[in-house]
Every structure is written in structure tokens, then in C-alpha cells.
Amino acid sequence: MKKFLLLLTLLCTTACAKNLAIDPDNLYPQVKLETSMGIILVELDRVKAPITVDNFLNYVVQGEYNNTVFHRVIDDFIVQGGGYDTNYVIKKVDGNIVNESGNGLINEYGTIAMAKERRPHSANRQFYFNVENNGNLDPGRGWGYAVFGSVIEGLEVINAISKVKTGFNEDFGWGDVPIEPVILIKATLLPAQ
């Protein structure tokens with residue numbers, strides 16, 4: 001376990017050195033998400049999820065989450081976004097990150113976590129909010145989805161997003177896409193308190 005933590009610290013130090021704008025000394029950075037349905041404030045946990053937090057913050061400070069959509073909304077489950085612009089064109093990906101799902105944080109109501117494909121280390125830029133306690137997304141005998149923070153203001157906004165009307169999107173070939181786009185207008189890393 002100590003070797004694993006040392007490796008995580010080394011990887012985080014390397015990632016932090018790439019972009020000092022992410023404020024690597026702030027252990028619990030806060031990000032303001034201005035959406036078309038209201039403001040959400042999240043507090044991230046760099047102590048338990050250093051790689052995931054730094055990855056997310058790199059996208060934030062580069063403006064990569066600005067003018068993106070929440071493209072997957074499932075009531076009583078999740079609100080997912082970060083991967084597509086307002087025309088539903090996929091956004092650039094900086095690369096996949098190590099899965100930190102075993103960090104002790106769980107997929108409970110009001111948390112933010114990284115979306116991934118079936119492969120364990122395939123998360124990159126897409127994230128989701130848990131609008132229910134989703135223990136089935138936590139690690140067990142297999143890899144889970146890495147939680148890296150929680151909503152500290154704006155839970156009512158997330159709840160409202162989770163209730164929007166969705167449908168099948170022909171372009172994507174999947175359901176649960178909001179009929180009226182829900183836009184993440186701007187994501188901002190707030191100054192350390």
C-alpha cells in the first residue's frame with residue numbers, strides 16, 4: 001500500500017508540475033460550475049484522489065469544460081457531462097488516467113466521480129454527479145468509478161437536471177439524452193480559502 005501511495009504522489013507531483021494554475025498546494029480545491037439551470041459548487045478531495053483531481057482541474061483551467069453539455073441524464077442515478085460541446089461534437093481528450101476508485105470515497109448522493117468505459121483505467125474527461133446512493137458503482141471484486149469530491153452548493157440544481165425530459169438521440173445511438181440541452185456554461189477554479 002505504501003508503494004502504491006508513493007507512486008500516486010509521484011504521478012501527482014509530475015501532473016502538478018505540468019500546470020501550476022491548478023494550485024497543487026490546495027488539498028481541497030473548489031470549482032464553480034455555471035450551468036444553464038443554475039450554479040453548482042464542488043469541493044474536490046486531492047488527499048484521496050490526487051490524480052483524478054489534478055486531471056479534472058487541468059480541464060477546468062484550460063476552459064475545456066466551458067460550453068459543454070450534460071449528455072446523459074438518468075433520474076435517480078446520475079447526471080453526466082464534460083465530453084461533448086453544445087453541438088454534441090466530442091471534445092479532445094488529454095489521455096486516460098489511473099483509476100482511483102479504491103480511495104475510500106463512495107458513490108453516494110451528491111458526489112462527483114469520473115466516468116469511464118468498461119476498462120478500469122479508461123477515465124479521461126467525462127464526469128458525473130450521483131443523484132442517488134449508487135453503491136453498485138463502487139469497487140468490489142472489480143474496479144469501480146472514482147469519486148473525487150462532493151457538491152457543497154447547488155444540489156437542487158443537480159436534482160433539477162436529473163428531472164429533465166430525455167429521449168433517444170439518433171446521432172449517438174443511445175437514450176437518456178436531454179431533449180432540451182443542459183449546458184455547462186463555465187467551470188472556474190476558485191481561489192484557495
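Good morning. E64, K91 and R125 are linked in a network of salt bridges, a salt bridge being a side-chain nitrogen of Lys or Arg within 4 Å of a carboxyl oxygen of Asp or Glu. Before I continue, please note that this is a predicted model, in which local features need pLDDT of at least 70 and side-chain atom pairs count only at pLDDT 80 or more, while totals for chains, interfaces and linings use all residues. Residues are numbered from 1 along each chain as its sequence is written, and side-chain values use heavy atoms, with hydrogens and water left out.

Let me stay with the charged pairs. Side chains of opposite charge can pair when their charged atoms come close. The structure holds 6 salt bridges. In one of them, the side chains of E64 and K91 meet at 3.8 Å, N to O. E64 lies in the loop between α2 and β3, and K91 in the loop between β5 and β6, so this pair ties together parts that are 27 residues apart in sequence. Helices (H or I, at least four residues) and strands (E, at least two) are DSSP runs, numbered from the N terminus. E64 counts as buried, at 12% relative accessibility; buried means under 20% relative accessible area, exposed over 50%, and partly exposed in between, with a 1.4 Å probe and protein chains only.

A further salt bridge joins D54 to R46, with the closest N and O atoms 2.7 Å apart. Are these two residues buried or exposed? D54 is buried, with a relative accessible area of 1%, and R46 is buried as well, at 4%.

The pair of D75 and K163 has its closest N and O atoms 2.9 Å apart.

Strands of a sheet pair through backbone hydrogen bonds, either parallel or antiparallel. In this model 9 strands form an open sheet in the order β3-β11-β1-β2-β8-β6-β7-β5-β4, and the pairing is antiparallel; two strands pair if DSSP finds at least two bridges between them. β3 (68–69) and β4 (72–74) stand at the edges, each with a single partner strand, so one side of each is left without a neighbour in the sheet.

I112 has F129 as its bridge partner in β7, and G149 as its bridge partner in β8. In a regular strand the side chains alternate between the two faces of the sheet. Both faces of β6 are covered: T111 and A113 are buried on one side, I112 and M114 on the other.

What packs against the sheet? α2 does, touching β1, β2, β6, β7, β8 and β11, and its direction makes about 110° with that of β11. Contact means heavy atoms within 4.5 Å. α3 lies across β1, β2, β4, β5 (78–81), β7 and β8, running at about 115° to β2. Axes are lines fitted to C-alpha atoms, for helices over the stretch in contact, and angles run from 0 to 180 degrees between N-to-C directions.

Within α3, V157, I158, I161 and S162 are buried. They cover an arc of only 140° around the axis, which puts them on the same side of α3; the arc is that of the directions from the helix axis to the C-beta atoms.

The largest nonpolar core has 33 residues, and V31, L44, F56, F70, F127, F129 and F148 have the most contacts inside it. A nonpolar core is a set of buried Ala, Val, Leu, Ile, Met, Phe, Trp, Tyr and Cys residues joined through side-chain atoms within 4.5 Å. Which element gives the most to this core? α2 does, with 6 residues. Not counting residues up to four places away in sequence, L44 touches residues including V31, V53, F56, I112 and F148. A second, separate core of 8 residues includes F77, I78, A113 and A115. Thank you for your attention.
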